[in-house]
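Hello,

Here is the structure for you to look over. My notes on its packing follow below.

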Amino acid sequence: MAGTSPSPPGPEPGPGLVGVLGHAQAQAAVVRALGRGQLHHALVLVGPRGVGKATFARGLGCALLCPQRPGTGCGACPTCQRVLAGNHPDVDWLVPDSKAGLISVDAARACHVRQTHAPYEGRAYLVVVDPADALGEAAGNALLKTIEEPRPGVHFALLTTNLQGVLPTILSRSLPVRLGRLDDAIVGDIVTARAPDAPPERHDMAVLLAEGSAGVALELASDPSLARSLELVKQAITAVRAGPPAIFGGDTHPLWLAWAAATAPIEAVPEDSPAAAEPEPAGAKKKKTAKKAARAGGDAEGGDKAASKKDAPALQRAAVRRLVELWILHVREQLRGRPGLPGLPPPPAVAPGTLVAAITALQRLGARIERMGNVRLMLEQGLLEQSALLAGA
Ligand SMILES: [Zn+2]
């Protein structure tokens with residue numbers, strides 16, 4: 001982090017938050033406000049996926065709680081170690097229920113009750129809401145009073161990729177802190193440190209493709225299926241240009257063959273292995289039984305379909321997420337007058353405005369598939385939308 005650039009004029013930026021790379025301005029602002037005892041109690045950390053919002057929240061936790069270096073955190077003391085490991089009693093993480101995809105009302109209420117006794121050990125109590133978009137009306141209302149009239153020492157860090165996804169009642173009482181894309185050099189360092197076994201060419205491709213998202217770069221660097229993902233993007237673009245007959249070309253169309261490859265499990269995992277699917281709460285048993293019945297009763301084809309259905313939602317969502325990310329990167333490159341990602345079709349002969357609209361539509365598709373059940377149907381609609389945009393251009 002020493003950096004070779006000359007120090008900027010103006011106030012000393014001071015030491016940064018523990019573990020946070022990049023985001024110099026945001027770090028300096030938070031550290032400065034903490035030093036003056038004027039840190040806003042509810043920060044909305046907003047930025048693209050994978051730029052380190054959760055890392056920033058952990059760094060904030062250290063800064064709030066560390067007895068060795070209050071205001072920044074030391075990263076080494078037992079308090080900081082526990083904050084960084086996610087098991088400090090004065091840092092609560094509110095995360096979505098794996099089944100409903102939303103933060104439960106009970107968890108939000110527990111936080112509200114908890115803050116009336118806060119803090120347990122340290123000097124502060126931090127609630128990290130990850131992501132803030134997963135806070136529905138009911139859970140949001142349970143937290144609202146705490147956010148409206150915070151007790152001394154109670155802090156919130158609400159993480160989101162999109163401010164519009166945060167409840168307006170919560171947002172209006174919070175201070176947004178923007179975490180932008182990271183420099184490629186920082187992303188490269190993070191990939192080197194955390195994915196040291198990635199082959200050099202995959203390391204470089206991952207940094208290039210991730211466009212400032214360390215999270216995306218790490219996924220790509222450790223993902224041997226990158227080639228299959230790029231093939232899916234290629235077939236999707238080709239199908240979109242060919243129009244609806246290609247999009248609805250059936251399972252043997254190159255588009256859906258690429259889809260099948262990109263959504264297949266990387267390696268065969270034993271049936272019912274926990275690694276085979278998203279964690280399932282007890283309530284999911286009914287669905288499982290139905291699948292088993294379908295598997296037992298069907299012919300060979302029905303059996304295959306039922307088995308593949310088991311992993312389908314998680315794998316399909318991951319595939320569309322990747323498709324959307326790569327596709328957007330490709331179009332962004334084209335907007336900059338470059339050919340786009342290697343191996344993908346060259347830009348269509350349309351005005352830049354159409355490319356921008358295509359990116360917006362892709363972002364909508366990415367947001368939709370996180371909430372909707374039928375991922376393939378969402379993808380088809382997204383492709384139709386892209387096709388319509390090109391046809392109308
Ligand atoms: Zn410390």
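Val191 touches Pro196, His203, Val207, Ala217, Leu218 and Ala221, leaving aside residues up to four places away in sequence. Bear in mind that this is a predicted model.

Val191 belongs to the largest nonpolar core, which has 52 residues. Val191, Trp259, Val320, Trp327, Leu379 and Leu383 touch the most other members. Which helix gives the most to this core? Helix α14 (residues 300-335) does, with nine residues. There is also a second, separate core of 31 residues. Leu17, Val30, Leu39 and Leu65 are among its members.

Now the helix pairs.

Helix α10 (residues 226-242) packs on helix α12 (residues 254-262) at an angle of about 155°, and their axes are 9 Å apart. Angles over 145 degrees count as roughly antiparallel, so α10 is roughly antiparallel to α12. The crossing of α10 past α12 is left-handed. On the α10 side, Arg228, Glu231, Leu232, Gln235, Ala236 and Ala239 make the contact. They meet Pro254, Leu255, Ala258, Trp259, Ala261 and Ala262 of α12. By class, this contact of α10 with α12 has nine nonpolar, one polar and two charged residues.

Helix α15 (residues 352-371) and helix α16 (residues 375-392) pack at about 170°, with axes 10 Å apart. These two are therefore roughly antiparallel as well. From α15, the contact includes Ala357, Ala361, Leu365 and Ile369. From α16, it includes Val375, Met378, Leu379 and Leu389. By class, the contact of α15 with α16 has 11 nonpolar, three polar and three charged residues.

Best regards

Key:
Residues numbered from 1 in each chain as written. Predicted model: local features only at pLDDT ≥ 70, side-chain atom pairs only at ≥ 80, totals over all residues. Heavy atoms only, no water. Axes fitted to C-alpha atoms, helices over the stretch in contact; angles between N-to-C directions. Helix = DSSP H or I, 4+ residues; strand = E, 2+ residues; numbered from the N terminus. Parallel < 35°, antiparallel > 145°, perpendicular 65-115°, else oblique. Left-handed = near helix turned anticlockwise from the far one by under 90°. Contact = heavy atoms within 4.5 Å. Nonpolar A, V, L, I, M, F, W, Y, C, P; charged D, E, K, R; others polar. Core = buried A, V, L, I, M, F, W, Y, C linked by side-chain atoms within 4.5 Å. Buried < 20%, exposed > 50% of the residue type's maximum accessible area, 1.4 Å probe, protein only.
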